[in-house]
Amino acid sequence: MKIARNVKEALLWKKVNDEGTVQCRLCRRYCIIKPSKYGACGVRKNVGGVLYTMVYGLLTAVNLDPIEKKPLTHFMPGASALSISTVGCNFFCQFCQNWEISQSRLEEGLYGSYHEPEEIVRLAKYYEADAISYTYNEPTIFYEYMMDVARLAKREGIANTIVTNGYMSDEAIQEMDGLLDAATVDFKGGGNKDFYRKYMGVPNPDEIFSTLQAYKEKKVFIEITNLVVPKIGDFEEDVKKLAKWIVENLGPETPFHLLRFHPDYKLTWIPATPVSTLEKLANIARNEGLKHVYIGNVWGHPLESTYCPKCGRVVIKRTGFYIYEYNLDEQGRCIYCGYKLNVVPRRKMRWAQSSSS
Ligand code: SF4
């Protein structure tokens, strides 16, 4: 029997019984999957007692993005990231902005165009990308492909970054040891349990904190986002709790992004987040001790820029995803006062240093 190129035996699964049932160990859902059935993400199938990924190399997007779009503001600012995705997701967010690909396993089926891992790395080199980013849909669900691309990228000195909902299992993080450079971990609704259950179909957001601890142990550079959804996911107490956890467990220099919600998919009846709500929550996060709090999806807002925690000057001035001033030295120190920021500078700095702010 000829197997399609995008179908490969999965990594990290085990047999559960003699009837051919298996368990997937890739994400914290740990799906139990009977023969001929799919896991919750809709892209891993039990075929005769063996678990397969159905989306190996089956890409729905290959884009060259500014790394700021991930968002990563402290990891190689000004870098470009070749960004790839497949269909499928292990979350069911009713407001997903990429729902055409993330939820398509439910509505449109599996689709994409096939690319060997070598092709992606070749493309990244051709465009002089600093990083490859696994993004748009949850990269955990195309783990096997991500691993193969990431290994090749590392050999070429290209960084690997993921944009993730934080549900990757400890085993999967362990296997990626040394391959992953940075992770943008996305919270929604402040990590509120009821919000996750009702609007995202996720049983327990507390699991995300375990994932963050595992990334920290593996020395993956972490930035955290939180999507603020008006009325149903904008509670001050939740942001306060989240900011406090980040300060205590990951450190006060961890970048924290409060993202504006825009109506999409099934939540079109909720309006965009008022900027005043984002600003109020940014103050709360700062009061908990976070030194780098950003507001995202509000083009031109002053909290798109990076400020030196010591002297308060603008050290990276941004509008949207673009940098207009860069006032850090090669080690990531403020050129005005010498304070060392939690910034991994881009290897080949593209931006001319400026002393005006
Ligand atoms: S990756 Fe998919 S199949 Fe595996 S545990 Fe997560 S949702 Fe289930």
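In this predicted model, buried residues account for 50% of the 357 residues of the protein. The secondary structure comprises nine helices and 19 strands. The radius of gyration is 20 Å, close to the 21 Å that the globule rule gives for 357 residues, so the protein is as compact as a globular protein of that length. When taken along the principal axes, the box filled by the C-alpha atoms has dimensions of roughly 65 × 45 × 35 Å.

Helix α3, which spans residues 117-126, packs with helix α4, residues 143-155, at an angle of about 45°, and the axes of the two helices are 9 Å apart. Since angles under 35 degrees would count as roughly parallel and those from 65 to 115 as roughly perpendicular, α3 and α4 are therefore oblique to each other. The crossing in which α3 passes α4 is right-handed. On the α3 side the contact is made by Pro117, Glu118, Ile120, Val121 and Ala124, while α4 contributes Tyr145, Asp148, Val149, Leu152 and Ala153. Sorted by class, the residues of this contact are eight nonpolar and two charged, with no polar residue.

The second pair consists of helix α8 (residues 236-249) and helix α9 (residues 275-287), which pack at an angle of about 35° with their axes 8 Å apart. Here, too, the crossing is described by its hand, α8 passing α9 in a right-handed sense. Glu236, Val239, Lys240 and Ala243 of α8 make the contact together with Leu281, Ile284 and Ala285 of α9. Of the residues in the contact of α8 with α9, five are nonpolar and two are charged, whereas none is polar.

Aspartate 186 was considered individually. This residue lies in strand β13, which covers residues 182-188. Aspartate 186 has 22 C-beta neighbours inside 10 Å, and because the threshold for burial is 20 or more, aspartate 186 counts as buried. When its neighbours within four places in sequence are left aside, the residues in contact with aspartate 186 are Val163, Thr164, Asn165, Gly166, Thr225 and Leu227. Glutamate 304 stands 118 residues from aspartate 186 along the chain, and the C-alpha atoms of these two residues are separated by 17 Å.

The peptide bond joining lysine 70 and proline 71 is cis, with omega about -10°, and proline 71 is found in the loop between β8 (61-66) and β9 (80-85). Serine 36, although not a glycine, has a positive phi of about 75°; this serine 36 is placed in the loop between β4 (32-33) and β5 (44-47). With 10 other C-beta atoms within 10 Å, serine 36 is exposed. A positive phi, of about 55°, is likewise found at glutamate 128, which is not a glycine either. Glutamate 128 is located in the loop between α3 and β11 (131-134). The count of other C-beta atoms within 10 Å of glutamate 128 is 12, and because residues with 12 or fewer are classed as exposed, glutamate 128 is exposed.

Notes. Residues are numbered from 1 along each chain as its sequence is written. This is a predicted model: local features need pLDDT of at least 70, side-chain atom pairs count only at pLDDT 80 or more; totals for chains, interfaces and linings use all residues. Axes are lines fitted to C-alpha atoms, for helices over the stretch in contact, and angles run from 0 to 180 degrees between N-to-C directions. Helices (H or I, at least four residues) and strands (E, at least two) are DSSP runs, numbered from the N terminus. Angles under 35 degrees count as roughly parallel, over 145 as roughly antiparallel, 65 to 115 as roughly perpendicular and the rest as oblique. A crossing is left-handed if the near helix is turned anticlockwise from the far one by less than a right angle, and right-handed if clockwise. Two residues are in contact if their C-beta atoms, placed from the backbone, lie within 7 Å. Ala, Val, Leu, Ile, Met, Phe, Trp, Tyr, Cys and Pro count as nonpolar, Asp, Glu, Lys and Arg as charged, and the others, Gly among them, as polar. The radius of gyration is taken over C-alpha atoms; the globule rule is 2.2 Å times the number of residues to the power 0.38.
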